[in-house]
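Reader: I have the structure open. Can you walk me through it, one piece at a time?

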Amino acid sequence: MPSNDQYAYAVGRVRAMETRLLDRSKIDRMVEAKSAEEALKVLGESEYAEYLAELGSVHEFEKMLDYELRRVYLELRKISPEPELISLFTRKFDYHNLKVIFKAHKLGEKRDELLVQEVGNIPLTELARAVSDEDFRNLPPQMRQAAEKLSEHFRMEADPQLVDLLLDRAMYAEITEMIVELDSSFLKDYFIYLVDLLNIKTYLRVKRINRPKEFLEQALLPFGEVNMMKLVQLAEPLEVLVDRLMFSRYATVIEEGVQAYQKTDTLTRYEKLADDFLIKYAKQAKYLVFGPEPIIGYILAKENELKLIRIIMVGKINKLPTEEIKERLRDVYV
Amino acid sequence: MEFTIGLAAAIMGAALAVGLACAGSAIGIGIVGQTAAGVVSEDPDKFGPTLLLQSLPGTQGIYGLLIGFLILQRTGVLGGNIVEMTVHQGFAVLFAALPIAIVGLFSAIAQGKAAAAGVLLIAKRPEELGKGIIYAVMVETYAVLALLMSIMILFNIQF
């Protein structure tokens with residue numbers, strides 16, 4: 001009997017939950033709203049309605065997004081037959097928290113408001129204790145290695161960039177390991193695309209700030225399909241990159257993204273296109289009946305939705321023109 | 001009443017027809033039930049339509065029971081006047097049971113999956129219940145064909 005049947009209940013739950021995701025028309029109404037308050041009001045007819053009353057002002061909208069993120073992950077963890085599947089997606093919060101705590105402890109940047117509560121797999125107190133005692137034994141292996149390396153480096157020189165670099169690499173290494181165990185080709189491909197698009201972005205950034213090849217090598221993640229080091233030299237013009245990737249699946253993202261980057265000098269367009277590419281891939285999960293894919297699809301859809309609301313609200317609060325917000329908006333899952 | 005190998009084979013046929021077809025229906029209904037429970041926990045109004053879809057893989061079990069019942073009747077186990085039969089005749093009755101036993105088992109599971117997909121369909125589009133049912137009922141065709149063959153074999157065995 002196929003083991004995918006164990007997902008029968010979870011998929012039923014998720015499909016019903018999917019109907020409550022914000023659709024294109026609600027997003028459009030938010031974008032067209034005259035003020036931030038009005039944009040927020042559109043959410044009154046959605047899952048977010050329950051939080052709206054608790055918000056003192058529109059500036060607290062992040063609080064609403066935090067609540068929703070927590071609610072979704074706690075709910076999914078309860079219904080997923082394989083809890084590892086959800087842990088895979090909540091790993092990033094552990095790494096994010098560790099970064100914040102590391103920076104707070106070693107560099108004195110106290111930013112407790114950035115910590116993500118409850119959603120991660122490792123309690124915040126444990127992370128804080130590990131960093132202050134420099135005892136990382138209880139952390140997962142990849143995280144532990146990276147943290148030990150970091151605190152060694154920090155004894156000589158405190159480099160905040162190194163925190164991000166080492167921990168990001170450890171995170172993707174760990175996620176790659178977890179995916180092998182979950183044995184889902186849908187998930188595997190998703191992360192390969194994610195890493196490739198991230199690596200291309202890293203290349204563009206590093207090229208811009210004129211760092212040496214060694215730095216790029218350190219910043220690139222070795223878990224994708226495209227080997228940037230072999231593909232293109234840092235000294236070569238951007239057209240070479242576009243040419244070389246012309247026949248890859250990322251062709252549209254690269255061509256338009258790099259063009260916009262050369263014109264405007266920002267990666268906003270590239271980031272939007274990369275996200276759209278990933279959401280388009282995730283949409284395949286809508287047509288699969290049983291298995292982990294619909295749950296993964298829902299997670300990605302929800303994270304995308306939170307991102308959309310954030311883009312709109314930040315835009316509205318800063319009184320950006322509607323057109324400009326629209327340009328930044330990603331595609332929706334539903 | 002005297003038990004012969006032929007009679008034992010015929011009874012085995014009845015047991016297989018009921019046992020396998022009902023097992024298939026149970027698995028099929030179980031799959032739909034799980035999916036339906038998932039949907040209903042988010043949207044309790046969907047109980048009625050999901051129950052309708054859940055009942056679809058149940059027919060294979062009924063077909064199996066029908067064949068089992070007919071075998072017992074034809075061999076006279078029901079009623080006590082056991083028909084005299086050779087080993088060959090007994091096995092022929094056993095083989096008559098196989099179409100519905102095998103097809104009942106697998107088609108009920110397949111139908112369960114199609115019906116579960118139908119449940120997912122109405123989770124999103126409640127107005128499309130009819131289409132969801134049709135997709136699941138298409139599987140029924142093959143259970144009916146198997147039932148037909150089981151009946152035809154059974155009634156053409158001369159004792």
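Author: Fine. This is a predicted model, and in chain B 50% of the 159 residues count as buried.

Reader: What is the secondary structure of chain B?

Author: Chain B has 5 helices and 0 strands. Read from the N terminus, the order of its elements is α-α-α-α-α.

Reader: And what box do the C-alpha atoms of chain B fill?

Author: Along the principal axes, the box is roughly 60 × 25 × 20 Å.

Reader: What share of the contacts in chain B joins residues 24 or more positions apart?

Author: That share is 85%, counted among contacts in chain B with a separation of 6 or more.

Reader: Now the interface. How many residues of chain B are in contact with chain A?

Author: 16 residues of chain B, and they meet 12 residues of chain A. On the chain B side, α1 (5–42) and α4 (87–124) each supply at least two residues. The largest share comes from α1(B), with 9 residues.

Reader: How do the residues on that side of chain B divide into nonpolar, polar and charged?

Author: The side of chain B that touches chain A has 9 nonpolar, 4 polar and 3 charged residues.

Reader: Switching to chain A. How is it divided into domains?

Author: Domain 1 of chain A covers 1–81 + 292–334, domain 2 covers 83–184 and domain 3 covers 190–287.

Reader: What separates the centres of domain 2 and domain 3 of chain A?

Author: 25 Å, taken over C-alpha atoms. The contact between these domains of chain A takes 6 residues from domain 2 and 6 residues from domain 3. On the domain 2 side, the residues are 4 nonpolar, 1 polar and 1 charged.

Reader: Last topic, helix packing. At what angle do α5 and α16 of chain A cross?

Author: Helix α5 (residues 61–79) and helix α16 (residues 293–317) of chain A cross at roughly 175°, and their axes come within 10 Å. Angles over 145 degrees count as roughly antiparallel, so α5(A) and α16(A) are roughly antiparallel to each other.

Reader: Which residues of α5(A) and α16(A) meet?

Author: From α5(A), F61(A), L65(A), E68(A), L69(A), V72(A) and L76(A) take part. Their partners in α16(A) are I295(A), I299(A), K302(A), L306(A), I309(A), R310(A) and M313(A).

Reader: How many residues in that contact of α5(A) with α16(A) are charged?

Author: 3 are charged, alongside 10 nonpolar and no polar residues.

Definitions and conventions:
Residues numbered from 1 in each chain as written. Chains lettered and ligands numbered in written order. Predicted model: local features only at pLDDT ≥ 70, side-chain atom pairs only at ≥ 80, totals over all residues. Contact = placed C-beta atoms within 7 Å. Helix = DSSP H or I, 4+ residues; strand = E, 2+ residues; numbered from the N terminus. Nonpolar A, V, L, I, M, F, W, Y, C, P; charged D, E, K, R; others polar. Buried ≥ 20, exposed ≤ 12 C-beta atoms within 10 Å, placed from the backbone. Axes fitted to C-alpha atoms, helices over the stretch in contact; angles between N-to-C directions. Parallel < 35°, antiparallel > 145°, perpendicular 65-115°, else oblique. Domains from an automatic or database assignment.
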